Amino acid sequence: MPIHSSSPLSDFPVGEDNAHQPKYEQLRDYVVSQIESGALKSGAALPSENRLAENLKVARSTVRQALASLERDGLVLRVHGKGTFVHEEAKQRLRKSQDLFALVLPETETAFYPSLQRSFENAAAELHNQVIVCNSNNDIDKQASAILQLIDLRVAGVAIVPTTKTATPAFHIRQLQKHNIPVVCCSRPVQGVQSPLLSIPFEDVGKRAGEEIRKAGHQQIAFFGSSKSTATDLYLQGLRQTLDRDATIEVFVGSGPGIDHESLSQESDAALEKLFQKPEPPTAIFCGFDSLAETVYMQLTQRGIRVPQDVSIVGFGGIFRGGGLSSHLASVTIDEVSLGEQAIEILERMRRGQIPIDSGEHRQISLSFNFGSTLAPCGRPV
């Protein structure tokens, strides 16, 4: 490795715009800017910690923390007995990380996730960035592995829909933030950590579904949820708040993680079998996801139960309805296109230092209702 004897690190501008950052992070970003501009060449020797602290008028502990962060990110190389040098591949690594955003999802094939992915990729492309998509399969260990790989890739930012079967621990997000990688939580927060949040108001989803079901005169209702989660609890809470007092609610919740569609289908089929053997089966079913609503629709049809003449179905999904059955479903909908666009916007602002990496900014995604053809007035006498 060629070693250059001089270094341009003679001044450290501390501006008001980034005063929210710890000083060592400001110093780290300053060194990064010098590498990006070419002022610090590959292989350049950095002054000693004492000299840097003296030249830049900062504490030696600040210099030590900044260099440790740069070393973790592979931008500088410390050689025992010789000093600290700009890594030969530092500029390439910075360029690569600046070009790549990541989207971590619990699944990629159903619900509103495919159109969320498209909108995220389109918004990133507007900024000339590439996107890597990681599917955690709602498995906390797979999510942890994906996060480690994203840290190794030094991505520019991560939007994550956290796992629900086992709640995402705070350290998953903190590890990314510790490596100066911006994170936006989508759909739901991660407890114990502060980061921007684009949330789905799950309780309001249940309320809106309940409102439309109540308006249609239904009193015997069933709720079908994919898995046990906070979202499922909030769906039910909102649903119960909106329905009439004398309405009855039968509840089915899948025992798996919600992404094992074969097992979930078998469980929902068994639940429907029991429900429709009762003297007063439900006249309306609210499903926590459109994909589950489609499964229930097909299972009812196979039993000769007509939708919506015998039973109405209300789902929950994105505003992009696509083709097939989803376009006919009555559903509470969120603007998943806006979710993807806003995630990129916030990540870009954090990357540029316009908002702190631990910002507590919270935005709620708006809801609407797709009336479809699967919700009809109740024809059963009350």
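**Stop 1: the domains**

The model shown is a predicted one. Colour it by the domain assignment, which gives domain 1 (23-93), domain 2 (97-200 + 336-366) and domain 3 (202-335). The centres of domain 1 and domain 2, taken over C-alpha atoms, are separated by 28 Å.

**Stop 2**

Select β1 (residues 45-46), β2 (residues 76-79) and β3 (residues 83-86). These strands form an open sheet in the order β1-β3-β2, and their pairing is antiparallel. The edge strands are β1 and β2, each of which pairs on one side only. Helix α3 packs on this sheet and touches β1, β2 and β3; the direction of α3 makes about 110° with that of β2.

Next, display the pairs of residues across the strands. Two bridges join β1 and β3: A45 stands opposite F85, and L46 stands opposite T84. Four bridges join β2 and β3, and V79 is found opposite G83. In general, strands of a sheet pair through backbone hydrogen bonds, in either a parallel or an antiparallel manner.

Now centre the view on G81. What do β2 and β3 form together? They form a hairpin with three residues between them, and G81, in the turn, has a positive phi of about 85°.

**Stop 3: the six-stranded sheet**

Move to the open sheet of six strands, whose order is β5-β4-β6-β7-β8-β14 and whose pairing is parallel. Strands β5 (130-135) and β14 (362-364) stand at the edges with a single partner strand each, so one side of each has no neighbour in the sheet. On average, neighbouring strands of this sheet are turned by 15° against each other, direction ignored.

Select helix α12 (residues 336-351), which packs on the sheet. Helix α12 touches β4 (100-105), β6 (157-160), β7 (183-187), β8 and β14, and its direction makes about 160° with that of β7.

Display S199 to find its bridge partner in β14, Q364.

**Stop 4: the second largest pocket**

Select R188, P189, Q191, T230 and A231, which lie nearest the centre of the second largest pocket among the 21 residues of its lining. The volume of this pocket is about 380 Å³. The elements that give two or more residues to the lining are β8, α9 (230-242) and β14. The largest share, three residues, comes from α9. By residue class, the lining divides into ten nonpolar, ten polar and one charged.

Why does the second largest pocket lie between domain 2 and domain 3? Both domain 2 and domain 3 give residues to its lining, so the pocket lies between them.

**Stop 5: two loops**

Select K57, in the loop between α2 (49-56) and α3 (60-72). Phi of K57 is near 60°, a positive value in a residue other than glycine.

Finally, select V307 and P308. A cis peptide bond joins V307 and P308, with omega about 5°. The loop that holds P308 runs between α11 (290-302) and β12 (312-318).

Key: Residues numbered from 1 in each chain as written. Predicted model: local features only at pLDDT ≥ 70, side-chain atom pairs only at ≥ 80, totals over all residues. Heavy atoms only, no water. Pairing = 2+ DSSP bridges. Axes fitted to C-alpha atoms, helices over the stretch in contact; angles between N-to-C directions. Contact = heavy atoms within 4.5 Å. 1 Å grid on protein atoms, 1.4 Å probe; cavity = no way out; pocket = protein on both sides within 12 Å on 5 of 7 lines; lining within 4 Å. Points joined across faces, edges and corners; volume = space filled by probe spheres on them. Nonpolar A, V, L, I, M, F, W, Y, C, P; charged D, E, K, R; others polar. Domains from an automatic or database assignment.
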